[in-house]
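User: Please take me through this model in questions and answers. Start with the terms.

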Amino acid sequence: MNVPVNLLDKPVKQNLLGMTLQDLEVFFTESGEKAFRASQVMKWLHQLLAADFDDMTNISKNLRETLKQIATIDAPEIVFDQTSKDGTRKWVMQLEGGNKIETVYIPESTRGTLCISSQVGCALDCSFCSTARQGFSRNLTAAEIIAQVWMASRLLKQTDQENQNKDEQRITNVVLMGMGEPLLNYDNVLKAVTILMEDNAYGLSKRRVTLSTSGVLPKLDLLGEQSDVALAVSLHAVTDEVRDSLVPINKKYPLKELMASCRRYIQNQKAKSHITFEYVMLNGVNDSRSDALKLVKLLKGIPAKVNLIPFNPFPDSGYDCSPMPVIKEFKDQLMKSGLVATIRKTRGEDIDAACGQLVGKVEDKSRRERKFDQPRYGMN
Ligand code: SAH
């Protein structure tokens, strides 16, 4: 195998976790190996969850030794791992360079959903989201996005073995609804989504991988052409005035353009599909009967489901959650008009795992510790 070198003549090790099947094929053929090694290694990584090249027993010892020289299986370090009373489990992972991201597993009777992050922090500055307070640090690499699924799969399996669970905890669905705006990290997110749906890796069907976006329009159109991942759109308001104040990217891509792009997305799908519209319920802001009626009008002609999200409060947010009777009335109004609407159950509240709480106390705590510890250099 040819060992790639950088300018200092040191071997550059490539993290295989973020490579699609096609990337792995290129990696192996460029190294003078047969292309079929790609699917073999991909299965070891993502199905058998191997963390070590030595575990890959159907690969020659020679090749395993070479792989150790030129490649890594590198996942972030787990710095927090807690399970809520309702079974929701949250991990905080520390990336190279010290940034932290969060991943949440939500078990339900018929499925297990993993909520993953696509960026460190977020640049969108939505006024009701606590991640916005953190600002934007950087994009995750494809390997860092997939490593969340890989790591969660390993740790769930480990827990099952330790507790001798009869029903194993499985990740049947993945949602890109953690930290960050996936469409502002398009290339890496597309790679990650491809790996999630790849038969030699996680093999999830397109209905089981959902990308949630506030509507970064040129990228949304591109996504419709290049992928058929399920789409969730963070709508949250029915007029530009209100949406401008909640989701500032609306000033750049207003509602009319967003809805037109959603229609194109559906038209591009090969199989019959729908878009989930997320709508956070904010007391006195977007929860009136007239808002519900306008929402029905706005979604006319789009195969849609509406997911009403009770607002998860955080200190000094300036918003309150709509009272439950108001949320129920809003839902009934939508249903009466023929829309499918659900109210999202809040999960993992006791461990700050609910939507918009994903920065949470770990980051605050580490900031406080740093203050009394020693200064960090190279950070503002
Ligand atoms: N940037 C993507 C994904 C991130 S958040 C997007 O905008 O879709 C996933 C969902 O949680 C979004 O619909 C987001 O608007 C919502 N959310 C954020 N903060 C919230 C809060 N405090 N309470 C309820 N939902 C919130």
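Analyst: A pocket is an open set of points on a 1 Å grid over the protein atoms alone, where a 1.4 Å probe fits, with protein on both sides within 12 Å along at least five of seven lines; lining residues have an atom within 4 Å of a point. Points are joined across faces, edges and corners, and volume is the space filled by probe spheres set on them. The model is predicted: local features need pLDDT of at least 70 and side-chain atom pairs 80 or more, while totals for chains, interfaces and linings use all residues. Numbering starts from 1 along each chain, and side-chain values use heavy atoms, without hydrogens and water.

User: What is the volume of the second largest pocket?

Analyst: The second largest pocket has a lining of 18 residues. Leu49, Ser153, Glu168, Arg170 and Ile171 are the ones nearest its centre. Its volume is about 470 Å³.

User: How much space lies in the largest pocket?

Analyst: The lining of the largest pocket is made of 45 residues. Arg111, Val175, Thr210, Thr276 and Asn307 lie nearest the centre of this pocket. The space in it comes to about 1,400 Å³.

User: Which element gives the most to the lining of the largest pocket?

Analyst: Several elements each supply at least two residues of this lining, including β5 (100-107), β9 (173-176), α9 (255-268) and β12 (275-281). The strand at 304-310 is also among them. With 4 residues, the top contributor is β13.

User: How many strands does the open sheet have, and in what order?

Analyst: Strands pair if DSSP finds at least two bridges between them. The pairing in the open sheet is mixed. Its 10 strands have the order β3-β4-β5-β6-β9-β10-β11-β12-β13-β14.

User: Which strands are at the edges of the sheet?

Analyst: An edge strand here pairs on one side only. One of the two spans residues 77-83. The edge strands are β3 and β14.

User: Which residue is the bridge partner of Lys305 in β14?

Analyst: β13 and β14 run parallel. They are joined by 4 bridges. In β14, Lys305 has as its bridge partner Val340.

User: Why is helix α2 described as largely enclosed, and how many of its residues are buried?

Analyst: Buried means under 20% relative accessible area (1.4 Å probe, protein chains only). The buried residues of α2 (residues 37-46) include Arg37, Met42, Trp44 and His46, and what covers them includes α1 (21-30), α3 (61-70), α5 and α6 (186-197). The helix is largely enclosed by the rest of the structure because its buried residues number 8 of the 10.

User: What percentage of the protein chain is buried?

Analyst: The protein chain has 12 helices and 14 strands. It contains 380 residues. The buried ones make up 51%.

How values were computed. Buried < 20%, exposed > 50% of the residue type's maximum accessible area, 1.4 Å probe, protein only. Contact = heavy atoms within 4.5 Å.
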